[in-house]
Every structure is written in structure tokens, then in C-alpha cells.
Amino acid sequence: MIARFEALKAWRSRRLLLAFLTLCLFVVLMLVGFYTYAQNETGGHAEFRYTFENSSYFNGLTFSIYAFYFAFLLLFPIFAATEGGAQIAGETSGGTLALMLTRPVGRARVFLTKFAVASLGLALSVGLFLAGTLAIGLLAVGWGDLDLYPGVLQMTDSYQHLEQSEALWRFVLCWPAASLALLVPLALAFLISSCAKSPVNAAGASVSTYLVLYVVSEIHFFEELRPFLFTSSMPYWRGLFRQEIEWGAILTDGAKLAGFGLLFLALALLRFRTRQES
Amino acid sequence: MRKGGHVELGLFLAAALLLGAGFGFSGRDRPGYELTPKSAEFLRVVTWNVGGGLDQGGAALEDESLAHVARVLNELEPDFVFLQEVRDRVQAEQLENLLDDDWDLETSPGGRVVVGFTRTGRLRERGPRQERLLRVQHDESGIHFCAVHADAFSSRERNAQLGALAAELGDLEEPCLLLGDLNLDLDLGKRRDLFTDDEYLDVETYNFIAQRLVDAGQGTGSTAEPDRRLDYVFVSPRSFEVRSAGPWRSKRGPGMDHDPVVCDLVLR
């Protein structure tokens, strides 16, 4: 009953619509950018004479992976942070949380249901985005084998070639792996939301915290800090696009992310369970 | 304890287990070359930029460092050595005198030369002479070497020079190596830095070479300060099996900013 109620609230929320529209705009921009870049690199306007890029390199699968890579790092975590940030604080601010807690349902159950529904929504958006970009890639560019080169999007440290059918399987594997990674900013946002009373403040603080951690994990100056930041492990799904998947590395990063996610969730639940509603 | 408390406790325990597993498995990945006794089964090739770092004004090899360089090379017992940033041929000959055994040497034209040494046979020049590029062929094995000190300041120059060499070597039937301080910084170790400029341009050049030749020391970490991989040994894939390769760490002399990069190869 609570789950259905939370799902209905999420469905009616404008946040989902906004996220969907933003993703659509992003895909259109990516498509234009990808097309013009491919034209330049293969149509005689290449900056360098000796380049590895050719017309077979730019296909629908490459488009999908480029689009997903940027969306994963820059859009999905922000959606996760705003969604999580608005959950508890939004209900506190609207006065509906106090009303909800007067019902004979445990606080832990309310909290975990909210998190489960938000997680499911996030995972579905990731799956839809992957499927959508693959479909658009097929229609607009056409599929082919997937070639990944060192230095490009930091996807790999050595050349990788995947046959089309194998590459599509890797996209399927990528879905749960990337969704797991996004649960960490979502759980962090729940933690911040459980401490805040204003959804705007909670969402803003969650987005800012993610961006700070992301930037720190990208700058060489902070090399020693990187292993301890969840943002360093988030793009671990890139390892699924290797010819031979290094499962040890995938599991290590997956365990770290799950650990961080559960830690934030436990702290958020502790705060939510013990706080006084006015 | 209330029900919610049990849930929290379970979450904390699961988080601790998973974080323990995640951090317990990961170690610092900084592999490099590990010296093994030299045998006749494989060839040992060394490339080393022996010049001074930028804090030394980017100077060529100092005479005071000759003994150190010779000591490192004698310890390695290589078959082929290619050095960049040697002051001139005279200094190269001084170094030769400090090495064990008899060596044949060739140098590139101009100043701050690229030097090639071999312990067996002779190195014969091949192709037009260019500054900071030594193209030689070993008379006994037929191996074709292109030792380069690529432009440090222009990714366009690097692309033109290294791309042309890779295109040519990739078509050759004979065994060949493209090696030296290629000045390509790709951040392959996922070092990542938001504030770089030439990195994506060097990606073009590196991948063009890697489509034709094998990067022998791939995944072995940085070779130069500050934490950059600039020195490479690329080998023709059909002719060689790479036994081990990478930067031999802690062997820099005073003021130097590059590690020697060593590659043990089996000629097929």
C-alpha cells in the first residue's frame, strides 16, 4: 500500500517529467554533436592527418556509449541527488510526513519504501536511457561492432573490440551495474534530506556534495583521496566493455559502492527514525 | 532494540562488510619492470631519456651523470640501448667507454642527439637523417629501430612525425620497434585531470600507432615526472613476443626526470 502510494507520488511528480525532458534534450544535443564530430573527423576536416577514427568507428553503439557516459557522470547523479533530496525534506516541508507517521506504519518501513521506489525509478530511467540511445543509434547511425580506444572517455587502457551481439550484451550488463553506482548519490541525498527541512536546501546540498566529490576525484592534485571517494568508483561499469572482463576489479568497485550506499542509507535511517517531527 | 534499530544495525554491518571487501581487495597499482637475469632466449631493449628535468633547465645529460648511466646499463646487460638527450657524439663515446664489453654506436645528427648502442653486431643507418630521430637496422637480427625524441611542445608535430613512422613501420614485414621519449601523455592509468589541453590530441596519435604496433609496456604506469607516461616501446606484433616491459624505477640519476624503460622481447 505504501509502495503504491509512493510510486503514485513519484509518477505525478514534476521531477520525473523534468528529468525526462532534460534527457531528451541531452540526447538530441549528443546526436547533433556526434554527427558533426564524425563528419569532421572522417570528412577531411580532421585536425590531424594520422587519426584512428574512421567511419566504421562512429556507429550507433559508439553513440550510445558516448551519450550514456556523459549522462551517467553529469545528469543521472544530479537527478538522483534532487530526487533523494526532495523525498524526506519535501514531505517535512509540506507537513505530509507528520501526517503519514500518525498511521500505524513503522518509520523504517516508510523510509525504506521511499528509497526502494526512488531506486526503482532511477534504475528504470537508466534502462530506458540505454535502450533509447541504442534505438536512436540504430535508426540514425546504424549499429556495428564496438571499438574502444585508450584515452577515449577513459573507457579502456588498451584497444578493445566487441562484436555487435557481444556489445549489446555488455549494454545489458551495464544497466544494473550503472544503476547500483547511482544508488550511492541517491542514498547520500536521502541522508541530507533526512537532516533538512527544506527540499530546496536538501536537493541543493546533495547536488553540491556530489559535484564537489566528483571534481575532487577527477583532479590529480587529490590523488591520495581518490580511493576513499565513491565518485572514483562510480564509472566502474566501463570495465564491462572490455573483451575480457576483469571481474575482480568490477566486484571490488561494486562492493565499495554498495558499502557506501548502505552506509549512507543506515545513517539516513538512523537520523529519520530518531528525529522529532513538529 | 526496536525493529528500526535492527534494520540500521543490519545496514551498518552490511556496509562494513562490503567496504572491507572493496578496500581490502584494492591495492596501489604501480607496476614496473622487474629485473631478471639476462639470457640468450630473449633480447633486452632499453630506452631512456637521460636529460635533466625542467627544474634543471631541461639540460642534456651532464658529464657527472655518465658514470651513473653506465652503472645502470651495465646492471641491465641489455642487447640494445637507445638514449635521448645525450649532448653530442663525443659524450656518447665517453659513455661507451664506461660500459662493459664492446659496443657499436650510432647517433642522430645535430645536437642533443639520440644514441643507439648494441652489444652484438652493428647498427646501420637506414633512411634519411633527421635531428632527434635515429633510424637504424641491426645487421645480425635485421631488426629495424626508430628511436625518437618527439617534440615536447606541439601535439601536431608529434602526430606528423610519429604517425608517419607508425604508418611506415606498420607496413614492414621485418621486425621493427618504435621507441623513445614520444612525449605522448594519455593518462592511460586513469590518472585523470580536468585541466589538461593536449591530452585528447595525443589520443589520436597514440591510437594510430597502437592500431599498427603493440605497446609493450602498456599498463605499467608513469615513466616521467610529474606522474606521466611519456616513454614507450612499440613493437611489430607479428615479430615479437613481449616477455616483460616497463619503467625500471628508482634508477634516475641526479636531476633526471625519466625512468629507463626496459623491454624483454622474444624474436619469433
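Let's start with burial: a residue counts as buried under 20% relative accessible area, exposed over 50%, and partly exposed in between (1.4 Å probe, protein chains only). By that scale Arg252(B), at 24% relative accessibility, is partly exposed. This is a predicted model, where local features need pLDDT of at least 70 and side-chain atom pairs count only at pLDDT 80 or more, while totals for chains, interfaces and linings use all residues. Residues are numbered from 1 along each chain as its sequence is written, chains are lettered from A and ligands numbered from 1 in the order in which they are written, and side-chain values use heavy atoms, with hydrogens and water left out.

Stay with Arg252(B) for a moment. Its side chain meets that of Asp259(B) in a salt bridge at 2.9 Å, N to O; the term asks for a side-chain nitrogen of Lys or Arg within 4 Å of a carboxyl oxygen of Asp or Glu. Asp259(B) is buried, at 4% relative accessibility. Asp259(B) also forms a salt bridge with Arg249(B), at 3.6 Å, N to O. Both Asp259(B) and Arg249(B) sit in the loop between strand 11 (240-247) and strand 12 (261-267) of chain B, so this pair ties together parts that are ten residues apart in sequence. Strands here are DSSP runs of E with at least two residues, helices are runs of H or I with at least four, and both are numbered from the N terminus.

Over all chains, the structure holds 23 salt bridges. Another one in chain B joins Arg135(B) and Glu168(B) at 2.5 Å, N to O. That pair links distant parts of the chain, 33 residues apart: Arg135(B) belongs to strand 6 (residues 133-138) and Glu168(B) to helix 4 (residues 155-171). Arg135(B) is buried at 10% relative accessibility, whereas Glu168(B) is partly exposed at 34%.
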